[in-house]
Amino acid sequence: MADHQAGARGPPELQEETLVEPAGVNGSAVEVTLSGTELAWHPTGAVHDGGEWRKLELESDVLGFQVEGRALKVATFPPSPLGCGGGGGDRKRGEVVLEMESEEAAQRWGDAIGGRFAALGRPKRLLIIVNPYGGNKGGRRVFQTEVLPLIEAAGIHYIMQETTHRLHAQEIAHSLDLQKYDGIICVSGDGILVEVVNGLLQRDDWSTAIKVPVGIVPAGTGNGMVQALLHSAGEPFSMSNAVFAIIRGHKRALDVTSVVQGKTRFFSVMMLTWGLVADIDIESEKFRWMGSARIDFYSLLRVVNLRRYNGRILFIPAPGYERFGDPVEQTTSYKSDGATNAMEEGTSNVYNDVTCTYSGPSVDEADLKWRSLNGPFVNAWISNIAFASEGVMIAPQAQFADGYLDAAIIKDCPRSVALGLLLRMKDGSYIESPYVEYFKVKALRIEPGLRVGSSTIGGIIDSDGEVLARGDVTQTADEPEHLMAYGPPIQLTVDQGLANIFSPR
């Protein structure tokens, strides 16, 4: 663990002050102004002669600053003008050096810019959790080459800690002194982010802990959360855009889903899969030596030998989606603590032998009616965000904090159709197929069955990269114990906007 500091911060009370002073840039005399969050300068006298203003928006174009004597060094980070979609392209670092007339003037301007940054809500101190084992084991490299230079240029204090074992990030979040930090950043795949959320919700002070913003820099295999955040702002997927989104300090609310079976509870912020996609994701691990090609290879293999799964999916539809499925005459009672008659009412909420003080969302079901879809199914995808990875859009209508999960259910279909659906997941157009049911739910229950044609073999249920349950193999002694059992119902309910996450906008 290492503690570092760079840069300076100014008092927030200066945030409304407007400054106009003479200065020098590249040997030329200029007049520089700071109005609101806009820093601008022009050659002296040029404003009257039609000279061009140079402008920087502190919020979106500037990493940070340093004051060295009379020099005010502004670290710039504007997007490339070649970008499309309204968010610009990848960003490039630069520097503008303003030579003020005195050291006092330089410090005054530095204080004023620091005050603007404080008013914008930029973080001042971060805990950065690095997973050195995820993806292609590039977490350390990503931190050193992509994260650290930008964090230091932004003047952010940080403590970096590497994970050393499974669920280590969860343990860190559970015991962390949160008053020391403005956010928790994961340099990892999506799984470490989920561990942090689970750790925060297992604390006695969970209601305030979960409001500490979390952030993620992509260093894993899927990186669906980063892609979803950047895509929502019209920005291309890149390391620099992901890091700068954290530095800028924008936050958005994020739904948290309670995944419950009996005594066991798991908190998800992304997705749950059962069927084809879970099989590909988990079973392709044995071909990891193939690199990224393993997914394409195993996807083709699974389509050629397409599996279907028996089972039933029950759900409480969101308003406007009541036409999906069939009405259910009776179902087990949906309790405010997430328990059901089929799930051992009155049990404690336990995840990994740690008692959870957050018991999950409460739903008043007085006027809510359950509906159901019956198998066989090829795949069930239940998601809170639009993307599973950089190139896979699973839920094009998903919103981060609408209080609903997006369900994309692929019904029994021919192999050729299944292959076509996989190819159309890049842009989300697969949901237009008549073999796909796409709808939003407030709560959902999966009753997983056996593989069609088998009397003993089930499937895989995967949530946010964590295998929740397996019915396809006998667990070996060296395999981590799965959180849930395959067969009994697994229920998902949504708590709207419970968490906060750093976001480009």
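**View 1. An open, antiparallel sheet of 7 strands.** In this predicted model, the strands of the open sheet follow the order β5-β4-β3-β2-β8-β7-β6, with antiparallel pairing; strands are DSSP runs of E with at least two residues, numbered, like the helices, from the N terminus, and two of them pair if DSSP finds at least two bridges between them. At the edges stand β5 (54-57) and β6 (62-68), and because each has a single partner strand, one side of each is left without a neighbour in the sheet.

**View 2. The pairing of β3 with β4.** Strand β3 (residues 28-35) and strand β4 (residues 38-43) run antiparallel and are joined by 6 bridges. Leucine 34 has leucine 39, in β4, as its bridge partner.

**View 3. The mostly covered helix α5.** Helices are DSSP runs of H or I with at least four residues, and α5 (residues 190-201) has 12 residues. Of these 12 residues, 11 are buried, among them Asp190, Glu195 and Leu201, where buried means under 20% relative accessible area, exposed over 50%, and partly exposed in between (1.4 Å probe, protein chains only).

**View 4. Leucine 423, an exposed residue of helix α11.** Leucine 423 lies in helix α11, and because its relative accessibility is 63%, leucine 423 counts as exposed.

**Notes.** Residues are numbered from 1 along each chain as its sequence is written, and side-chain values use heavy atoms, with hydrogens and water left out. As the model is predicted, local features need pLDDT of at least 70 and side-chain atom pairs count only at pLDDT 80 or more, while totals for chains, interfaces and linings use all residues.

Definitions and conventions. The expected span of a helix is 1.5 Å times one less than its number of residues.
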